[in-house]
Amino acid sequence: MKSLGNIRRAFAPWTDPDAKPYITFRNVTKRFGDFTAVDDLTLNIYHREFFALLGASGCGKSTLLRMLAGFERPTSGEIILDGQDIAGIPPYKRPVNMMFQSYALFPHMSVESNIGFGLRQDGMPKNEIAERVAQMLKLVKLEKFAKRKPHQLSGGQRQRVALARSLAKRPKVLLLDEPLGALDKKLREETQFELMDLQQELGLTFVVVTHDQEEAMTMADRIAVMSHGKVIQVATPAEIYEAPNSRFVADFIGDVNILDGKVSASGNGKIELAVAEGFTIRTATGSTPATGSAAGFAIRPEKLKVTRAAPADASVNAAQGEIWDIGYLGDMTVFYVKLDSGKVVKASMLNAQREVEDPIAYDEKVWVSFGETAGVVLKD
Amino acid sequence: MNTWSRFNIASVVLGFSFLYLPIVLLVVFSFNESKLVTVWAGFSTKWYVSLFHNQGLMDAAWVTIRVALISATAATALGTMAALALTRYTRFRGRLLFSGMVYAPLVMPEVITGLSLLLLFVAIGFDRGFVTVMLAHITFSMCFVTVVVQSRLLSFDRSVEEAALDLGATPVRTFLEVTLPIIAPAVLSGWMLALTLSLDDLVISSFTSGPGATTLPMKIYSQVRLGVTPEINAACTLLIGFVAIGVIIASVMTKRREVQRQRDEQAAFAGR
């Protein structure tokens with residue numbers, strides 16, 4: 001069976017029509033004065049899901065998270081958590097905890113008091129608190145730092161204290177606001193996998209807000225791409241990348257070439273698209289607009305093949321052009337090919353071999369080709 | 001550039017003598033043997049002894065200390081509350097008017113503050129004395145506390161409070177366990193400021209005090225009108241001593257904390 005991307009997930013409750021969502025936003029709107037931060041949004045998140053809200057700043061993703069935490073009240077609509085409408089419940093009575101972007105550690109308390117803070121608020125007996133705190137310190141590998149104050153820790157250590165503190169109360173849902181934003185690249189990559197392991201191990205529902213698509217793609221089971229207070233697409237990372245439902249999503253996630261054209265034939269799940277670049281694309285994927293309507297065709301750079309000779313198979317889509325620019329990135333090489341129409345498309349090729357016989361050079365005439373399932377048709 | 005040129009030395013000497021010569025004179029003459037303030041007749045501490053037997057001065061000192069402690073504490077509580085309201089509720093109706101009104105006493109001439117308080121107490125038939133002085137001191141020192149605390153709150157990371165709420169602390173507990181400890185240094189320096197303002201206030205105290213509630217500055221002022229005695233010099237020297245010790249302790253503590261903090265941070269990044 002074919003599936004999108006080279007990853008198969010065993011966990012996919014969103015495909016099961018009988019599965020009950022754990023968190024539901026139903027027609028939620030949030031306005032600040034004249035500004036609409038979240039606009040009539042409906043969204044389901046399932047138990048034990050690692051869910052990412054992805055979008056540019058100001059798209060409403062943080063407001064959504066803050067409404068889940070209880071710091072903002074929706075202007076209208078309802079938020080249901082585990083069968084209960086939580087819109088009117090103050091933050092200190094909600095079974096969710098949040099890890100803040102700035103970590104928001106209490107500067108006057110030691111690491112262990114920070115972690116135990118929430119437990120003390122619940123009136124947990126002292127010995128149980130000590131036990132739980134020790135457990136949490138072990139989980140984030142900070143046993144040696146229990147007595148330190150936050151300012152005596154490095155950035156990565158502070159991040160782990162914040163994580164331990166938000167997990168100490170064993171919340172039903174953990175909210176993470178740009179959890180890795182303040183870390184450097186290497187530490188960020190390590191921590192991504194630590195977070196994923198932790199989520200698996202504890203069996204919790206994670207909702208993470210991020211503007212970093214790589215982070216969202218790596219960690220999340222599903223991603224909601226947001227823009228201007230609305231969810232544009234909710235899908236697995238592979239679906240978002242390989243089958244974007246709109247120009248916005250195709251353009252927002254990763255690199256993409258978009259060719260505009262008109263549908264010249266449609267039927268049997270296949271489409272012929274006459275693009276402005278002067279050739280016809282035959283494709284079997286994406287949406288199927290009616291013959292005669294305008295549509296875009298999105299194709300990722302790595303799906304394009306750059307060759308000197310025209311492809312032998314006539315059923316393959318191909319266009320001729322000239323090498324405009326070449327970028328060597330180490331792991332891959334990016335070719336910018338100027339098609340005869342003047343449009344420049346981007347094609348990237350993995351450098352699987354160290355040595356290449358007679359590589360393609362600047363200003364050479366080349367063919368750009370792709371198969372009929374390599375790209376998707378976008379509705380306008 | 002960083003050398004002791006003659007010009008630099010001259011400006012330092014001039015500046016410091018301008019500031020401290022009067023005080024040095026006062027301190028020196030407090031140890032004078034002679035009763036005449038301007039004639040040096042040898043070293044003696046007898047005026048300090050007689051100071052402690054001067055019941056009038058001692059009573060005034062006691063009144064001053066009590067007024068200062070109570071009014072500084074009350075002004076700190078009120079001023080902190082005003083600062084919280086002004087920084088937290090940035091959108092309430094009349095905020096601009098309210099913040100302007102809080103700062104007004106800062107620039108209001110003391111004579112006017114004193115006179116208006118006097119008129120108020122007379123109008124409502126409030127007998128002037130200890131309580132009226134105290135109320136007056138709270139009134140004028142509160143805005144100073146507000147300014148100090150407000151500047152701290154402006155740089156306060158609200159997400160720390162949100163984290164406390166998120167972890168189950170009620171708003172009241174959040175304030176007591178998180179907000180207050182973090183802004184405590186600012187609250188304390190506001191309190192110290194209010195305390196010193198109250199200690200040395202003469203004008204407003206004169207307007208609002210009544211029989212039996214003479215503060216030390218009032219007492220000193222009235223005695224000086226009858227001629228300066230070395231006893232007054234001794235009293236002032238003690239006052240200077242107290243203030244100087246307070247300032248030194250405060251600055252040493254701040255400095256030490258700063259150094260410790262820097263060392264900790266370096267250790268954290270170097271040692272992991």
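## The sheet of chain A

In this predicted model, chain A contains an open sheet of six strands, whose order is β6-β7-β8-β3-β9-β10 and whose pairing is mixed. From one strand to the next, the twist averages 20°.

Within this order, strand β7 (residues 173-177) and strand β8 (residues 205-210) of chain A run parallel and are joined by five bridges. One pairing that can be located at residue level is that of D177(A), whose bridge partner in β8(A) is V209(A).

In soluble globular proteins, nonpolar side chains tend to be buried together. Here the largest nonpolar core has 105 residues, and the residues with the most contacts inside this core are L175(A) and V207(A). The core draws at least three residues from each of the two domains of chain A, domain 1 (13-95 + 171-248) and domain 2 (255-379).

The surroundings of L175(A) can be listed directly: leaving aside residues up to four places away in sequence, L175(A) touches L65(A), L68(A), A69(A), V96(A), M98(A) and V207(A). Another core, of 40 residues, lies apart from the largest one, and among its members are W47(B), A75(B), W191(B) and A194(B).

## Domains of chain A

The domain assignment divides chain A into domain 1, which is made of the segments 13-95 and 171-248, and domain 2, which covers 255-379. The C-alpha centres of domain 1 and domain 2 of chain A lie 34 Å apart, and the contact between these domains takes four residues from domain 1 of chain A and five residues from domain 2 of chain A. On the side of domain 1 of chain A that touches domain 2 of chain A, the residues are two nonpolar, one polar and one charged.

## Contact between chains A and B

Where chain B meets chain A, the contact takes 22 residues from chain B and 21 residues from chain A. On the side of chain B that touches chain A, at least two residues each are supplied by α7 (158-166), α8 (171-199) and α11 (230-271) of chain B. By class, the residues on this side of chain B divide into eleven nonpolar, three polar and eight charged.

How values were computed. Residues numbered from 1 in each chain as written. Chains lettered and ligands numbered in written order. Predicted model: local features only at pLDDT ≥ 70, side-chain atom pairs only at ≥ 80, totals over all residues. Domains from an automatic or database assignment. Contact = placed C-beta atoms within 7 Å. Nonpolar A, V, L, I, M, F, W, Y, C, P; charged D, E, K, R; others polar. Pairing = 2+ DSSP bridges. Helix = DSSP H or I, 4+ residues; strand = E, 2+ residues; numbered from the N terminus. Axes fitted to C-alpha atoms, helices over the stretch in contact; angles between N-to-C directions. Core = buried A, V, L, I, M, F, W, Y, C linked by C-beta atoms within 7 Å. Buried ≥ 20, exposed ≤ 12 C-beta atoms within 10 Å, placed from the backbone.
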